[in-house]
Amino acid sequence: MKTSIIGYPRVGALRELKFASEKYFKGVLPVEELQQTAAQLRSAHWKLQQENGVDFIPSNDFSFYDGLLDTACLLGIIPQRYQALGLSPLETYFAMARGYQGDKGDVKALAMKKWFNTNYHYMVPEIDDATSIRLTGSKLFDEFTEAKQLGIATKPVLIGPFTLLKLARFTGLKNAKNFVPAVIEAYTAILNQLNTLGAAWLQLDEPALVTDLTAEDIALFTELYKGILSAKGSVKVALQTYFGDVRDCYQALQALPFDGIGIDFVEGKQSLDLVRKHGFASDKVLFAGVINGKNIWKNQYKQTIALVREIGKHASQVVLGTSCSLLHVPYTIKHEKKLPEANKQYLAFAEEKLRELAELKSILEQASPEASALYTENEKLFSASRLTNDNSVQKRVAELTEADFTRLPDFAEREAIQKAKFNLPPLPTTTIGSFPQTADVRANRAAFKKGNITEEQYKQFNFDRIAECIAQQEKIGIDVLVHGEYERNDMVEYFGECLDGFIFTENAWVQSYGTRCVKPPVVWGDISRSKPITVEYSAFAKSRTNKLVKGMLTGPVTILNWSFPREDISLKESALQIGLAIRDEVLDLEANGIEIIQIDEAALREKLPLRHSDWQSEYLSWAIPAFRLVHSGVKPETQIHTHMCYSQFSDIIRDIDAMDADVITFEASRSDLAIIDAINECGFRTEVGPGVYDIHSPRIPSVDELKQGLNRMLDKIEVSKLWVNPDCGLKTRGVTETWASLENLVQAAKEVRATL
Ligand code: GLN
Ligand code: ZN
């Protein structure tokens with residue numbers, strides 16, 4: 001029995017690469033030291049895997065920013081505007097990743113997108129008609145050689161040609177097909193060079209194969225690999241898939257001369273059935289993803305061993321591995337000093353998963369695996385209660401009926417009641433919630449956490465901030481005010497900390513993009529709310545003004561999507577539990593006189609299944625009701641807002657309308673406003689506030705451009721339905737630009753109103 005790792009995290013257990021990179025970006029760390037940090041991390045990761053007996057240790061899974069960007073650079077896919085800067089290769093790479101503004105020029109970064117169904121983001125390769133795809137880089141070979149010099153024979157890994165072409169953006173007239181010969185030649189050149197270097201295997205990652213494929217896709221894939229594999233020499237090629245099953249191309253894969261195929265048995269619902277039904281070619285190695293590479297729970301050996309035995313009936317050469325790269329889990333529980341053992345014993349991060357693979361291998365090599373100490377110890381853990389149950393919460397969920405998911409009266413009637421009551425001007429102005437989290441705001445929170453100031457002092461600071469923020473919003477003439485969210489570290493962590501059932505880590509960071517890492521809370525048990533969370537601050541804000549104040553909450557789907565979920569109950573069950581807790585908060589806000597409540601579902605789209613056919617059955621059928629559960633209990637005159645961070649929701653627009661909020665605000669300023677057309681065409685009922693300016697940039701939009709934006713929206717959206725707001729929260733912005741932008745926004749709304 002052998003073991004394999006698809007990829008390892010790279011930012012460092014203590015985020016060493018993040019800190020080194022950020023210093024380098026600021027110009028205070030020489031490039032040699034950045035390279036040194038990177039080399040130390042690579043070496044540490046290889047050695048760790050070696051110590052744990054991993055047979056297939058990856059190289060080139062390291063990245064300074066993103067693996068797809070590395071692949072693009074390896075193949076010379078570098079748009080002219082970056083080449084024209086005349087920078088060093090590494091500087092050019094960072095210019096593509098982060099944009100460049102300096103004496104050599106001014107270019108924006110490449111577009112960034114979510115990597116399949118994860119919270120990791122990749123840089124979108126850009127291919128124009130003049131792009132010449134060919135092997136120009138050496139990172140793949142350099143890192144293989146670097147490991148070899150350390151005495152470690154690695155398996156180089158690279159994103160495969162199909163996924164590369166599927167995710168790339170073609171900006172000219174040519175499309176993927178036009179580049180097939182060049183891509184085949186480039187990957188062939190890679191294989192040749194690996195041959196010379198003495199690599200035994202090359203792993204090509206093709207996660208795009210787990211999405212819905214057309215006949216044309218399969219033809220493209222087949223053409224690419226027929227070409228590449230015909231010249232592969234002595235290097236063996238493993239095709240690696242993850243994040244789902246390959247139901248659309250299983251047989252096509254079997255028919256091609258791959259030496260190995262990696263299949264995800266954790267997220268791939270049909271993987272086992274496919275293997276059972278069609279068998280697995282005896283001349284190929286099956287890299288079986290049996291340990292969850294995306295979640296942080298310990299593996300239950302009993303189940304995994306049963307799975308491996310079943311797979312073994314159909315495949316002659318099985319290698320054990322993780323379901324996907326370990327990039328999506330934190331490094332190690334070793335650095336968790338505060339978490340009780342009672343929790344820790346159930347957790348396995350990347351390093352612990354290496355241990356698990358080694359243990360599974362050793363158990364499976366024994367004559368009677370079930371008798372081994374490692375097995376019985378693991379089984380003991382899983383047969384004991386994890387003490388996660390809260391019967392009253394489970395009872396509440398079990399007793400929910402259709403009525404709990406239905407807000408009455410219906411939308412049109414509520415809209416009329418609310419318009420009469422609030423008497424807002426047309427094109428009412430508002431913001432998304434947070435105001436700049438300046439250094440003193442963060443310092444106040446940190447001082448309280450450390451115990452350096454009292455709770456009273458901590459709160460007083462926030463109250464003062466809220467009072468200022470309310471006064472300023474009133475002064476510049478915003479219609480619906482917010483308290484500013486000064487008390488929140490993060491929109492999910494804040495609620496997690498205030499609810500029962502979550503646990504938190506100190507160092508369990510996961511890369512989101514580039515140097516940005518997130519530390520998701522862990523859903524440990526049944527979720528409940530023991531006391532009001534936001535009422536005090538919202539009520540205080542309201543007491544400072546006669547204007548309307550909007551309460552601000554995070555919705556259940558977003559809380560769940562940005563946490564590590566439980567595996568012992570369904571996502572639906574967890575979402576309903578969180579939904580009930582937030583529902584209680586909504587009702588408390590209402591009881592305390594808050595007339596407008598925004599429930600953010602920033603990440604609603606994030607866990608949308610990769611296959612269209614699963615959207616309703618696996619996800620939307622519970623995610624949308626979970627949101628409705630939160631607000632269905634309010635009075636007709638209480639106005640419910642929601643907010644989403646994506647402009648891409650044309651394809652789920654009816655589901656979004658079915659959330660039955662009264663108003664939705666969303667990002668639109670950077671998109672081509674296609675969403676506005678979709679809203680117009682589908683008879684969207686919910687009132688909308690498409691963001692009129694981009695908060696991700698410090699630029700101050702002029703009154704004229706804001707007016708233009710509003711007028712364009714008014715071409716498609718009835719004036720009675722349109723709100724005016726920025727496209728997201730303002731917490732990452734500077735104070736001066738924030739108020740200047742908002743003043744212009746209010747002015748633009750006034751001037752457009754005057755023309756109505
Ligand atoms: N209310 C949150 C804020 O303004 C929403 C953040 C988000 O959509 N990501 O910060
Ligand atoms: Zn947002």
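This is a predicted model: local features need pLDDT of at least 70, side-chain atom pairs count only at pLDDT 80 or more; totals for chains, interfaces and linings use all residues.
Local features need pLDDT of at least 70, side-chain atom pairs count only at pLDDT 80 or more, and totals for chains, interfaces and linings use all residues. Residues are numbered from 1 along each chain as its sequence is written, while chains are lettered from A and ligands numbered from 1 in the order in which they are written.

**Helix α19 with helix α21**

- Helix α19 (residues 455-476) packs on helix α21 (residues 535-543) at about 40 degrees, with the axes 9 Å apart.
- That angle makes α19 oblique to α21. (Under 35 degrees counts as roughly parallel, over 145 as roughly antiparallel, 65 to 115 as roughly perpendicular, and the rest as oblique.)
- The crossing of α19 and α21 is right-handed.
- From α19, Asn462, Phe463, Ile466 and Ile470 meet Tyr537, Phe540 and Ala541 of α21. (Contact requires C-beta atoms, placed from the backbone, within 7 Å.)
- This contact of α19 with α21 counts 6 nonpolar residues, 1 polar and no charged. (Ala, Val, Leu, Ile, Met, Phe, Trp, Tyr, Cys and Pro are nonpolar; Asp, Glu, Lys and Arg are charged; the others, Gly among them, are polar.)
- Helices are DSSP runs of H or I with at least four residues, and strands are E runs of at least two, numbered from the N terminus.
- Axes are lines fitted to C-alpha atoms, for helices over the stretch in contact, and angles run from 0 to 180 degrees between N-to-C directions.

**Helix α16 with helix α23**

- Helix α16 (residues 391-398) meets helix α23 (residues 571-591) at about 100 degrees, with axes 10 Å apart.
- α16 is therefore roughly perpendicular to α23.
- Val393, Arg396 and Val397 of α16 contact Glu573, Leu576, Gln577 and Leu580 of α23.
- By class, the contact of α16 with α23 holds 4 nonpolar, 1 polar and 2 charged residues.

**Ligand 1**

- Around ligand 1 are 13 residues, of which Ile432, Gly433, Ser434, Ala602 and Gly729 come nearest. (A residue is near if its C-beta atom, placed from the backbone, lies within 6 Å.)
- The shell splits into 6 nonpolar, 4 polar and 3 charged residues.

**Annotated regions**

- An unreviewed UniProt entry annotates His643, Cys645, Glu667 and Cys728 as "binding site". (Positions follow the numbering used here, feature names are shortened, and annotations may be inferred rather than shown by experiment.)
- These residues span 86 residues in sequence, yet no two of their C-alpha atoms are more than 8.7 Å apart, so they gather at one spot.
- Cys645 sits in the loop between β22 (639-644) and α25 (653-657).
- The unreviewed UniProt entry also assigns residues 3-314 to "domain: Cobalamin-independent methionine synthase MetE N-terminal".
- Residues 3-314 are 42% helix and 15% strand, with end C-alpha atoms 18 Å apart.

Notes:
A crossing is left-handed if the near helix is turned anticlockwise from the far one by less than a right angle, and right-handed if clockwise. Two residues are in contact if their C-beta atoms, placed from the backbone, lie within 7 Å.
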